[in-house]
Amino acid sequence: MKPLQKPLARRQFLKTSGGVALFIGVSGILPQLWSCSDKRAVEKEVLKHRLTAWVQLTGDGRVIIYNPAAEMGQGSMTSLPVIFAEEMDADWDRVEVVFSPQVATIYGSDGWSTERKVMLSAGSRITSGYFNSMRKAGAQARYIMRHSAATHWDVPLSEVTTAPGRVLHPQSGRSLSFAQMVPLLQLPEALPEVADSDLKSPEDFRLIGKVVPRTDIPSKVDGSARFAIDLQLPGMRYAVLERGAMHGASPTLENREAILAMEGVLKVVLLEHAVGVLATRLEQALEAKKAMKISWAPSMANGFNSQDTFKEYEVMAGNPQAGRVLVETGNFKAAMGSAAKTYSADFLNDYVYHAQMEPLNAVVQVAEDLLSARVWVGSQQGFDEKLGVPQLLGIAPENVTIELQYLGGGFGRRSMTDFVTECAGMAREVPGTPVKLLWTREDDIRYGAFRPLSLQRLQACTDTHGKLTGFSHCIVGDGGNLVASGIRNEHYDIPNQFAEWREATHGIRLKHWRSVGHGPNKFAIECMIDEIAAGEGRDPVDFRRQLMAISPRALATLEKAAEMARWGGAVPDGRARGVAFLERSGTLSTGICEISVDRASGLIRVHRFWNALDAGIVVQPDNVKAQMEGGILMGISSVLKEQVTIEGGKVQQSNFNDYPILRMQEVPESVETALIASGEPPQGVGESGTPLVAGAIANAFFSLTGKRLRHLPFTPARVLEALKS
Amino acid sequence: MPMPVYTLHINGETRTAEVPGGTSLLWVIREHLGLMGTKYGCGIAQCGACTLHVDGDPVRACVLSVEQASKGQKIVTIEGLSTDGRHPVQKAWIEAQAPQCGYCQSGQIMQAVALLQTTPHPTRDEIKRYMNGNLCRCGTYLRILEAIEIASGRMDTQSGSS
Ligand code: FES
Ligand code: FES
């Protein structure tokens with residue numbers, strides 16, 4: 001450890017009932033210790049500094065850690081505190097976790113932008129984004145514990161060590177618990193900077209990489225976990241909106257007077273894209289919504305038919321003029337020119353919807369003077385930390401307080417802020433009164449923001465030795481990076497590669513959907529690799545093995561998955577297996593599935609799924625497995641069942657009866673996950689399972705039937721059609 | 001215009017709600033009585049998030065009107081399942097680390113408790129069939145299965161307590 005430039009003033013802290021707050025940050029004046037008897041003062045102080053962690057130590061021995069990330073089931077409420085507690089040497093049984101305030105300059109991660117800190121729980125980047133700063137903060141906290149004990153005992157610092165929740169002086173046999181240390185805490189004259197070598201070495205970890213039960217789970221089995229939809233405030237009123245089925249259409253309300261006359265209706269509010277109603281009670285608001293007679297001025301989406309658009313996309317893909325080039329290595333055209341064999345295929349995918357189980361909602365209270373607001377919301381946060389509310393209300397960002405609640409699923413949908421600003425707009429109509437805005441499930445689907453529909457034209461070529469020499473990928477679709485992510489093949493040895501995007505626009509709302517473009521793109525790529533393997537008379541695993549010679553970490557996942565599935569061994573009658581590989585958010589994973597097909601009904605059944613992944617250091621192995629299980633099941637759901645269609649510009653689906661998602665009877669017998677041991681920094685895992693599924697199923701289907709499935713989802717009708725082809 | 005008053009027996013208490021006739025039981029117990037553990041997911045009996053017990057049977061509160069539920073029946077919600085979250089099924093749920101976002105889990109647990117009350121040792125297929133109406137977007141189904149099997153394994157010693 002080397003001392004920081006600026007020495008710190010020595011401070012002594014008084015014993016208080018609330019314990020002390022320990023702020024750990026990046027600037028020279030931090031860390032600081034504050035008495036918790038005055039909560040306001042603590043909060044004010046927190047707001048002044050750039051912190052990486054804020055921990056409260058209480059006199060009864062609890063260590064309260066503030067979690068900066070949203071919790072939507074991915075386990076951040078546990079994983080980030082685990083990292084801190086590991087380095088601090090806190091006793092995990094005494095750790096409590098609460099959400100930190102939503103102030104990005106303080107609690108944000110450096111992982112999103114080089115210019116500023118951002119609080120955003122997306123792209124599977126929470127653990128990787130906070131790993132280093134949380135470790136260092138924990139190590140500083142431990143240092144302060146040791147320093148304070150050394151001063152108290154009047155012994156050299158080097159003789160003081162820690163055990164979980166305690167400081168020890170082995171020479172004299174003295175020890176004090178963290179609780180006993182609270183009144184003794186003081187900061188050193190100069191706080192040393194933590195070097196990497198001061199951190200625990202992985203073999204000494206007792207929390208990271210071990211099975212630590214998730215902190216949020218007890219409240220999720222007794223019904224006490226609070227989601228924004230559960231909020232109740234005195235005098236709260238309810239808002240619902242009628243948005244229609246055509247994205248962007250603008251409404252004219254024909255029966256305003258009749259709606260206003262309805263029981264409990266307080267206000268009718270005309271928005272650009274919707275008509276809102278505010279009522280005393282929820283059921284009154286919903287009744288009023290049902291009774292609205294609205295005429296809609298058509299939008300850009302007018303006349304759009306999603307299933308007809310593929311023909312147009314085909315023509316676009318055939319245009320000799322290239323689109324926006326995304327990848328260009330070597331010379332694909334030249335490779336094609338000298339190829340021994342060429343391959344070409346189109347892959348299609350329909351729109352899919354997030355279907356997070358908690359419909360969108362928020363609670364907002366705008367102050368009576370309209371100068372400040374409080375927002376209770378389940379949000380994946382965002383680059384705009386105040387979720388668009390200050391702009392909407394025309395007030396300063398610091399006057400908006402965001403109270404983050406648990407998210408009943410995010411999957412990308414809750415990194416949009418439309419539902420938050422809608423609620424603020426309604427709450428502004430009744431200043432001083434809290435307003436709960438609820439999207440019905442029908443609203444949530446019809447006015448969804450979907451994973452874009454796209455067409456992908458893949459071409460490839462091999463030389464006389466059967467080596468893959470060229471690979472080209474043309475995406476046609478709407479949404480920029482939403483369709484482009486996952487287009488790179490960095491772990492396959494292919495010398496000549498080309499990828500491009502050709503833009504189409506339809507006025508349909510689009511958004512990141514768990515793993516973004518990786519879903520459709522990895523489907524197309526992994527199926528194409530399989531088609532080439534088949535064309536060259538090679539086993540699909542063996543063919544990939546050769547391609548992965550340049551990437552030992554990728555290869556290790558392939559070998560492990562093949563070993564788990566006993567690839568090449570006997571497969572039960574009527575079943576077959578398929579493989580797919582991908583990289584997402586830094587994690588490498590290979591998946592193998594075993595399926596069967598009912599040839600009469602066209603129903604595909606997934607029986608088993610094996611996957612092996614290299615995600616760097618794994619903070620919570622059981623949680624990573626849970627993420628893979630859930631991600632793979634969501635993948636199976638989307639690949640076999642999910643489809644939003646648009647006719648005449650209108651979304652055709654409205655609830656789980658016409659947008660079915662995977663149910664209990666459709667789950668595989670098992671999903672098995674192997675984590676490959678690694679000392680590399682942690683990578684994101686939340687999105688590594690979902691995009692494995694399409695390729696693995698389609699490739700298994702080929703192995704079983706000799707036919708190719710090239711259009712997602714693989715509905716029974718499409719399966720029957722493929723079988724007939 | 002005065003609204004009718006309905007009397008409900010929920011979690012061992014008698015509660016009243018002044019709501020328009022036809023209001024769904026789900027809105028009554030959530031927004032009027034403040035029992036927020038029972039969730040709204042679809043409103044049309046497709047997802048099971050709103051599952052609670054009416055005289056011991058698992059019922060979708062979203063499609064039950066307040067009239068239908070105020071005829072003296074005993075209603076139990078997740079909050080009334082145990083006083084301390086230590087019902088054997090809840091304990092099994094923690095052991096299996098089943099929830100992810102958690103939103104569907106009250107409904108899943110209420111459905112599973114009803115299953116084990118009538119069939120203490122269900123087969124895997126029986127579990128899957130019985131639980132098929134409860135959606136989980138986070139894909140925790142395999143852990144829900146595991147949790148039910150854990151709880152079922154303890155039914156002999158625990159019988160009568162649920
Ligand atoms: S909300 Fe009742 S079943 Fe979905
Ligand atoms: S745990 Fe999220 S929907 Fe089931």
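Reply: A residue is called buried under 20% relative accessible area, exposed over 50% and partly exposed in between, with a 1.4 Å probe and protein chains only. By that scale A:Ala261 is exposed, because its relative accessible area is 64%. The model is predicted, so local features need pLDDT of at least 70 and side-chain atom pairs count only at pLDDT 80 or more, while totals for chains, interfaces and linings use all residues. Residues are numbered from 1 along each chain as its sequence is written, chains are lettered from A and ligands numbered from 1 in the order in which they are written, and side-chain values use heavy atoms, with hydrogens and water left out.

A:Ala261 sits in the loop between helix 7 (256-260) and strand 14 (265-270) of chain A, where helices (H or I, at least four residues) and strands (E, at least two) are DSSP runs numbered from the N terminus. Strand 14 of chain A is joined by a hairpin of four residues to strand 15 of chain A. The C-alpha atoms of A:Ala261 and A:Ala288 are 9.6 Å apart in space, although 27 residues separate the two in sequence.

The part to examine closely is the packing of helix 8 (residues 282-291) of chain A against helix 1 (residues 25-32) of chain B, whose axes are 10 Å apart and meet at an angle of about 135°. Here axes are lines fitted to C-alpha atoms, for helices over the stretch in contact, and angles run from 0 to 180 degrees between N-to-C directions. That angle makes helix 8 of chain A oblique to helix 1 of chain B, given that angles under 35 degrees count as roughly parallel, over 145 as roughly antiparallel, 65 to 115 as roughly perpendicular and the rest as oblique. Helix 8 of chain A contributes A:Leu282, A:Glu283 and A:Leu286 to the contact, and helix 1 of chain B contributes B:Trp27, B:Glu31 and B:His32, contact meaning heavy atoms within 4.5 Å. Sorted by class, three residues of this contact are nonpolar, one is polar and two are charged; Ala, Val, Leu, Ile, Met, Phe, Trp, Tyr, Cys and Pro count as nonpolar, Asp, Glu, Lys and Arg as charged, and the others, Gly among them, as polar.

Helix 1 of chain B has seven of its eight residues buried, so it is largely enclosed by the rest of the structure. The buried ones are B:Leu25, B:Leu26, B:Trp27, B:Val28, B:Ile29, B:Arg30 and B:Glu31. After helix 1 of chain B comes B:Gly34, with a positive phi near 75°.

Helix 1 of chain B also lies across strand 1, strand 2, strand 3 (51-54) and strand 5 (74-76) of chain B, and runs at about 80° to strand 1 of chain B. Helix 4 (residues 105-118) of chain B packs on the sheet as well, touching strand 3, strand 4 and strand 5 of chain B, with its direction about 40° from that of strand 3 of chain B. The sheet concerned is open, with five strands in the order 2-1-5-3-4 (chain B) and mixed pairing. Its edges are strand 2 (13-18) and strand 4 (57-60) of chain B, each having a single partner strand, so one side of each is left without a neighbour in the sheet. From one strand to the next the twist averages 45°. Six bridges pair strand 1 (residues 5-10) of chain B with strand 2 of chain B in the antiparallel sense, and B:Thr7 has B:Thr16 of strand 2 of chain B as its bridge partner.

Conventions. Pairing = 2+ DSSP bridges.
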